[in-house]
Amino acid sequence: MGNASSLIKWFETIVRGDVASVGGKNASLGEMVSQCTQHGIKVPIGFATTAIAYWQFINANNLQAFIRDALNALATGKATLSETGEAIRREILRADWPVDIATEITTAYSQLCERAALPNLDVAVRSSATAEDLPDASFAGQQETFLNVRGASELLIACKRCYASLFTDRAISYRQTKSFDHLKVALSIGVQQMVHADRGGSGVMFSIDPETGYDKVIVINAAWGLGENVVQGTVDPDEYEVFKPLLSDTRLQPIVEKRVGSKEYKLIYASGLKSTQNVPTSQAEREAFVLTDAEILRLSRWACAIEAHYGVPMDTEWAKDGDTGILYIVQARPETVQSRRDASALKTYDLKEKGRKLIKGIAIGEAIVNGSICIIADPKDMNRFVDGSILVATNTDPDWMPVMKRAAAIITDHGGRTSHAAIVSRELGLPAIVGTGNATHLLHDQQEVTVCCAEGDEGFVYEGIAKFEVTELSLNNIPSTRTKVMLNLANPAAAYRWWRLPADGVGLARMEFVISNHIRVHPMALLQFDSLRDKNEKQQIAQLTRGYVDKTEYFVDRLSRGLARIAAAFFPSPVIIRTSDFKTNEYANLLGGANFEPHEENPMIGFRGASRYYSPRYQPGFELECRALRRLRNEMGFKNVLVMIPFCRSTAEADKVLQVMANNGLKRGENGLEIYVMCEIPSNVILAKEFAQRFDGFSIGSNDLTQLTLGVDRDSEALTSLFDEQNAAVKWMIENVITAAHRAEAKVGLCGQAPSDHPEFAELLVACSIDSISVSPDSFAAVKQQVARSEAQRIVVGRRKTG
């Protein structure tokens, strides 16, 4: 709809270059309506008032002089911030609308009702601040939004309230901090058709991981009702993660994370002067996901299209109409923290000693901080905050900004990764733990604690002052090598933290970590749940598997998604996943596990690894592992995943395991599937040729190979001096398996710490032409440099021999 008015612009006539006229928020909405709807992205229709309209309103009511005098009184200390803001807002609300502006707004509203085919259309009225000489300034979160506004008279009142919100205490304080001239900042108002998310859901979506900056994932937060609860951190939302590179194939479902939030409240429309209200959600709503898988994928594809259009990672808000089920994008802005981060350096925090764990929540940032607790119940009480303390609050909104800037870290009861507390903490470079549930009840003022966000997605508050180390690694000086240097990973929650390392993939991903930490239940206990006799264990398992009709699906779903995060972090480089390698005593510690595990005197060389996979005692459990791996590769699309079998004692055992895998859709060579075997038993070396006929490669487990070659219990303190990975017998084993593997055209690698602890060990591996070495992330740089030196030395020696 065309309109040449200088006071009103329809969204479809606005582009992102119109920031000076309509502010960043409305310019972005206009850009999406005019440019992104061609990609199938739905954006509610609407219009914006211009900065010209604002100045005409101010001048027609002679407000400029009053505002200048009030701000001068504040600057000279004759009035407080709250007195100044209240006085200016009161004058704006008392002012009259110039007839031409009021007519333009009400006429545009009537046309909007006609376009929506709804009389008295309910609209969202949003503030969008701008400054003509500061078009790139961000005024996000400083002004007000009013929802469920209906009728021309209500609209004019809401628009005036938007103008007044340019002088909230937080907005005045923000401009003072930025040294912006208050009288050069104007306000545009966006009037947009409401999406009936009060009967549906809404949330926030990032086209980049907001914690680590990993640019290949989309993070979506979702809650029932209107979106302010997610933005303000009033509720703990659902969280979904989607892997972007696989979204182009519509046959795949690359959803790598689905976490249900408690969502205890939902924001709905209210009648009377109060346009919205929070009401409790039902138990069914709390336990259900807000979005279906199809909706998650649709939003994710929209996020990719919006990001491609803008050319930068984006922070968007979305809403789902509860009456029609239609999804909409209601706001979009560039992400401003991780996308500007220095990609050439990596800072890591390592917790050395810690006290008792007090609470946990969602980790924001990656740092560790020690400090004293200061609980603030209301931003009006911020004067009692002690600078440098750890701020603890129920949740935060823009009114909390002045005190948040003074904190060393932030902890909240509620909120997700896209809440106000999380976003501001990132911008300020502060570690935060949000969504703890009860921090304000469990912690107390002046309590000394350690806030740790360095252990993955979960953040922990520990009692007392813990010891930790900080390491800064420059990524500019890491050399390239012929020998591949890969990573050993286990924790899916921490996988994205290492994406910037130029690793050649993951040489060992430990499945058992996902089972013990993310599943916690013995697979046989899920398969034979009804036969369990311990009522307490049954209750715990029932609680964990709530929402799954088939309890085995809980195992497959959680395992496949946990492993998917590791596979995604280094896609398309190979990720070698080792099937479960618990010992019987470790399996027994899982919920329900004691019912299915024998007691063994020496579990280290007992019923473990390959011997379990074809045994009637565990084969059904192994088949669940196969289902998860098949889903990971075939349904989610992570064909970079290779599978590795641990502790395989004989070729006959190898044949049995490979047959069980083939029967469960994991046939070697089919769809590019490669299967490796751990080389950790002397028989693997002695029969390397025969094993190479059955597997695509070997991964040398130097710890077990040393233990079984030397006959030394690696856990025995009395034999510590005898456990030596550089013993001549162990070296002979390593040299021979590498030689035999290469003769059979099989790949061979080693996973362990020896190359980083002993430079001469790395020299041995390079001299033997090993294909890869896999180490922990914190050892990566040192091993990479040592391998480069060893390769260079080998070239020099070779030249001398030929010369």
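Two strands are taken to pair if DSSP finds at least two bridges between them, and helices (H or I, at least four residues) and strands (E, at least two) are DSSP runs numbered from the N terminus. The structure is a predicted model, in which local features need pLDDT of at least 70 and side-chain atom pairs count only at pLDDT 80 or more, whereas totals for chains, interfaces and linings use all residues. Residues are numbered from 1 along each chain as its sequence is written, and side-chain values use heavy atoms, with hydrogens and water left out.

Strand β6 (residues 201-206) and strand β7 (residues 217-224) run antiparallel and are joined by 6 bridges; V204 stands opposite N221 in β7. Both strands belong to an open sheet of 6 strands, with antiparallel pairing and the order β9-β8-β7-β6-β12-β13. Axes are lines fitted to C-alpha atoms, for helices over the stretch in contact, and angles run from 0 to 180 degrees between N-to-C directions.

Helix α10 (residues 293-310) packs on the sheet and touches β6, β7, β8, β9, β12 (314-320) and β13, contact meaning heavy atoms within 4.5 Å. The direction of α10 makes about 35 degrees with that of β13. Strand β9 (residues 255-259) is mostly covered, with 4 of its 5 residues buried (under 20% relative accessible area; exposed is over 50% and partly exposed in between, with a 1.4 Å probe and protein chains only).

Elsewhere, the axes of helix α20 (residues 619-635) and helix α21 (residues 651-663) come within 10 Å and cross at roughly 55 degrees. That angle makes α20 oblique to α21 (angles under 35 degrees count as roughly parallel, over 145 as roughly antiparallel, 65 to 115 as roughly perpendicular and the rest as oblique). In their contact, Q619, F622, E623 and C626 of α20 meet V657, V660 and M661 of α21.

Residue I576 is found in strand β25 (residues 575-578) and is buried, with a relative accessible area of 7%. Apart from neighbours within four places in sequence, I576 is in contact with V506, G507, L508, A509, L642, M644 and Y676. The C-alpha atoms of I576 and E674 are 9.2 Å apart in space, although the two residues are 98 residues apart in sequence.
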